[in-house]
Amino acid sequence: MTTRRKFIKKTVLTSAGMAVLGNQTISWAFDNQEYISNRPKLLDRTFTSKAVEKAIKKVKKGISNPELMWMFENCYPNTLDTTVDYELIDGKPGAFIITGDIDAMWLRDSTAQIWPYLPLVNKDEKLKNLCKGLINRQTKCILLDPYANAFFKDVNKETYWKDDKPKPKPGVHERKWEIDSLCYPIRLAYGYYKETGDISIFDKKWNKAIRLAVETLRTEQRKEGQTPYYFKRNKSNRTVTAPFFGKGRPVRPVGLIASSFRPSDDGAMYPFLIPSNLFAAESLSQLSEIYADVLEDKEFSKSCASFSKEVLEAINKYAIHEHLNYGKIYAYEVDGFGNKVFIDDPNIPSLIAMKYLLDDKFYDKNIYKNTRAYLLSDDNPYYFKGKAGEGQGGPHAGLDTIWPMGIILRAMTSDDDKEIVWCIKQLMHTHNGSGFMHETFHKDDASKFSRAWFAWANTLFGELIVKLYNEKPEVLKSI
């Protein structure tokens, strides 16, 4: 059903202590509006969970705005509704979760897509097995190629990127080296273990995959000045390739881990990508705990802890710099020679997402506060403002394009109720009547968007609403 909107007025919202909050925000009135669910019919859904359906009903009761209620019901279950291939393989759960409109599974996206359901796994055995199945599938992916970021279920399916060099192995969709591709499976396994106490996931294959992952991260510290990894793309969008055959620009080995690509899948400007290194420090610390408490391998536990400490110390030494207007802030990328870039990318891990993704001990709260203020200001070259909305963008989808994911993370990491409401209204005014999140929208025209089916962004929006329901129910009532 087409949404009929009548323009009412423009208001300016402000908030004490904010660097920038004051773009014009549009209010809308809806005449006899009926919000019909955009979810697939029950028989067409790829996976169902009684616990998730119960949570949807509960949270909807805490939402006053009918449009927001409708958006939540569309978005929160979108991963389960549309992207899951679940089965038993040799008697063990197996799950393949595509990203949405691209028929491939990213290690990053698949973890992030399933993450918002993790608090419900003890209430639903079926959902619990889905998480175990994804952990098992990610283990296979890492063992196939620890440098790859995206995979096919069907090893005989030929990737569109078959001309990449080196040619991807059968089953690999894309072979872009991104640190977070190895961190997300650790995050999922650790989170599942802490939620359930189930240690059956830590089997021999998982142990082998994790040791390969840690070895790969060690290699990409490039202390010997070399890496076995390279990547070259000859297709029309070859500009996404990092310099020097995908190895990236030169680095001075300082203890940081090199990443040829960003979480956006764009080539890195400088290989030491700081949000991903912070993520790696946390992931290695989580492994240290697992190997000490569960697998009883004290030596490997100490090795992971030492590696985590080394990375974190290097971040504190090389990634924190004085900004002209904001004091000490985190750089997005550095090279160990003193070069740095002050930007962000709305994909997670990102600088703004530190508060969402990491335990407090892995970042400095005051420096994060300064960094966040910078990122949400006109001093950030990728912060865009327009007639449709404002927010963080990045090079991936072009200038003047805003990522709803960035707006969601802004709300996730805010302690200011007015700012949170402002962010949600931005999201409500830029979904173009679809009731779903997109990858990006143009700052002046929300009808110009990329990716109509982007399950990660949808589920992340649902996670935000659930978080507010649990922690700030009055905010949901005020919209």
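**Strand pairing and salt bridges in the predicted model**

Thr401 stands opposite His442 of strand E16 in this predicted model. Strand E16 comprises residues 440-442 and pairs with E15 in the antiparallel sense over two bridges. Both belong to an open sheet of three strands, arranged in the order E15-E16-E17 with antiparallel pairing. Strands E15 (401-402) and E17 (445-450) form the edges, each pairing on one side only.

Side chains of opposite charge can pair when their charged atoms come close. Across the whole structure, 32 salt bridges were found. One of them joins Asp101 to Arg451, with the closest N and O atoms 2.8 Å apart. This pair links distant parts of the chain, 350 residues apart: Asp101 lies in the loop between strands E4 (92-97) and E5 (105-106), and Arg451 in the loop between E17 and helix H14 (455-471). Asp101 is partly exposed, at 38% relative accessible area, whereas Arg451 is buried, at 18%.

A salt bridge is also formed between Asp180 and Arg108, whose closest N and O atoms are 2.9 Å apart. Asp180 lies in helix H6 (residues 179-196) and Arg108 in helix H4 (residues 107-114), so the pair ties together parts that are 72 residues apart in sequence. Both partners are buried, Asp180 with a relative accessible area of 0% and Arg108 with 1%.

Asp198 forms a salt bridge with Lys132, the closest N and O atoms lying 3.4 Å apart. Here the loop between H6 and helix H7 (204-219), which holds Asp198, is linked to helix H5 (residues 125-144), which holds Lys132. Asp198 is buried at 14% relative accessibility, as is Lys132 at 18%.

Methods. Residues numbered from 1 in each chain as written. Predicted model: local features only at pLDDT ≥ 70, side-chain atom pairs only at ≥ 80, totals over all residues. Heavy atoms only, no water. Pairing = 2+ DSSP bridges. Helix = DSSP H or I, 4+ residues; strand = E, 2+ residues; numbered from the N terminus. Salt bridge = Lys/Arg side-chain N within 4 Å of Asp/Glu carboxyl O. Buried < 20%, exposed > 50% of the residue type's maximum accessible area, 1.4 Å probe, protein only.
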